[in-house]
Structures are given as C-alpha cells and as structure tokens.
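Subject: Structure for your files

Hello,

Here is the structure you were expecting, with notes on what turned up in it below. Please read the notes with the model open beside them.

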Amino acid sequence: MEYKTDLHIVNSAKHNLLVILEPFAEFFTLEPDEHLTITGVGGEPGDNFEIQYAGKYVMVHAWPNSIATVYRDGVELDPEDQVFPRDDP
C-alpha cells in the first residue's frame with residue numbers, strides 16, 4: 001500500500017503568499033483567500049510535511065522518498081519562476 005497525505009494551505013492574509021516546495025525548489029503564488037493542496041506520496045506511514053512560515057512566504061518540505069504535487073481547485077499546477085518577496089522598496 002502506498003502512503004499518501006494531503007496538506008491544505010489557505011492564504012487568509014490581504015497580500016499574496018509565496019509557497020515554496022522543497023527540496024524541489026518549486027514556487028507557487030497564493031493570492032488572498034486562495035487555497036492550495038499539496039499531495040505527498042511515498043515514504044512510510046506517519047511521514048509528513050514540515051512547514052516553515054515567514055510572513056510573506058511558506059516553505060513546505062516534503063519528506064525523504066516522497067513525491068509532492070501541488071493542486072489548485074483539483075488542477076495540478078506547474079511551478080512558477082519566482083523571487084522571494086522583499087520588505088524594502
């Protein structure tokens with residue numbers, strides 16, 4: 001049996017949120033009130049995502065021996081070319 005788990009991320013802020021999927025270095029923009037689902041497959045039962053939040057971005061780390069896929073409204077997303085948001089002008 002293949003181990004699978006979903007992580008749901010909702011942006012309740014009034015600004016865009018950058019979601020970074022590691023260790024793949026994939027970037028996704030989450031607009032206010034939008035949500036993403038990240039599905040991880042592989043590894044062992046009980047393995048899970050690690051999440052780091054830093055204001056304008058969220059970094060999601062998949063676990064070893066897993067494959068992670070990002071969905072918006074059930075549609076698989078391709079990674080975007082992004083830069084980290086900056087606080088200075």
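The protein chain has eight strands and zero helices, so its pattern along the sequence is simply β-β-β-β-β-β-β-β. Please keep in mind that this is a predicted model. Of the 89 residues in the protein chain, 37% are buried. The chain exposes about 5,900 Å², and carbon and sulfur atoms supply 49% of that area. Among contacts with a separation of 6 or more, 63% are between residues 24 or more positions apart.

**Sheet**

Four of the strands form an open sheet, in the order β1-β4-β7-β8, with antiparallel pairing. Its edge strands are β1 and β8 (75–76), each of which pairs on one side only. Between β1 and β4, which run antiparallel, there are seven bridges. For a landmark in this part of the sheet, look at Ile9, which stands opposite Leu36 in β4.

**Salt bridge**

The count of salt bridges comes to one. It is formed by Glu34 and Arg72, whose closest N and O atoms are 3.4 Å apart. The two residues sit in distant parts of the chain, 38 residues apart: Glu34 is in the loop between β3 (26–30) and β4 (35–42), while Arg72 belongs to strand β7 (residues 66–72). Glu34 has a relative accessible area of 24% and is partly exposed. Arg72, at 19%, is buried; the cut-off for buried is under 20%, so the value for Arg72 falls within it.

**Asn11**

Asn11 is placed in the loop between β1 (4–10) and β2 (17–22). Is this residue, Asn11, buried or exposed? Its relative accessibility is 2%, so Asn11 counts as buried. The side chain of Asn11 reaches the backbone nitrogen of Ala13 at 2.9 Å. A polar atom of that Asn11 side chain also lies 3.4 Å from the backbone oxygen of Glu31. Setting aside neighbours within four places in sequence, the contacts of Asn11 include Asn16, Leu17 and Leu30, and also Glu31, Pro32 and Asp33. Glu34, the acidic partner in the salt bridge, is in contact with Asn11 as well.

**Aromatic rings**

The count of aromatic pairs comes to two. In one of them, the rings of Phe49 and Trp63 have centres 5.0 Å apart and planes at 70 degrees, so the pair is edge-to-face. Phe49 lies in the loop between β4 and β5, and Trp63 in the loop between β6 (57–61) and β7, so the pair ties together parts that are 14 residues apart in sequence. Both Phe49 and Trp63 are buried. Ring pairs link these two residues and Tyr3 into a cluster.

**Gly43**

Gly43 is found in the loop between β4 and β5 (50–53). With 30% relative accessibility, Gly43 counts as partly exposed. Beyond its neighbours within four places in sequence, Gly43 is in contact with Tyr3, Trp63, Pro64 and Asn65. Two of these residues, Tyr3 and Trp63, are in the ring cluster described above. Gly43 and Lys4 are 39 residues apart in sequence, and their C-alpha atoms are 8.6 Å apart in space.

Regards

Definitions and conventions: Residues are numbered from 1 along each chain as its sequence is written. This is a predicted model: local features need pLDDT of at least 70, side-chain atom pairs count only at pLDDT 80 or more; totals for chains, interfaces and linings use all residues. Side-chain values use heavy atoms; hydrogens and water are left out. A salt bridge is a side-chain nitrogen of Lys or Arg within 4 Å of a carboxyl oxygen of Asp or Glu. Buried means under 20% relative accessible area, exposed over 50%, partly exposed in between (1.4 Å probe, protein chains only). A polar contact is a pair of N or O atoms within 3.5 Å; within protein, one must be able to donate a hydrogen and the other to accept it, and residues adjacent in sequence count only if both atoms are side-chain atoms. Contact means heavy atoms within 4.5 Å. Two strands pair if DSSP finds at least two bridges between them. Accessible areas come from the Shrake-Rupley method with a 1.4 Å probe; for residues, only the protein chains shown count as cover. Rings of Phe, Tyr and Trp (its six-membered ring) pair if their centres lie within 6.5 Å; planes under 30 degrees apart count as stacked, over 60 as edge-to-face and the rest as tilted.
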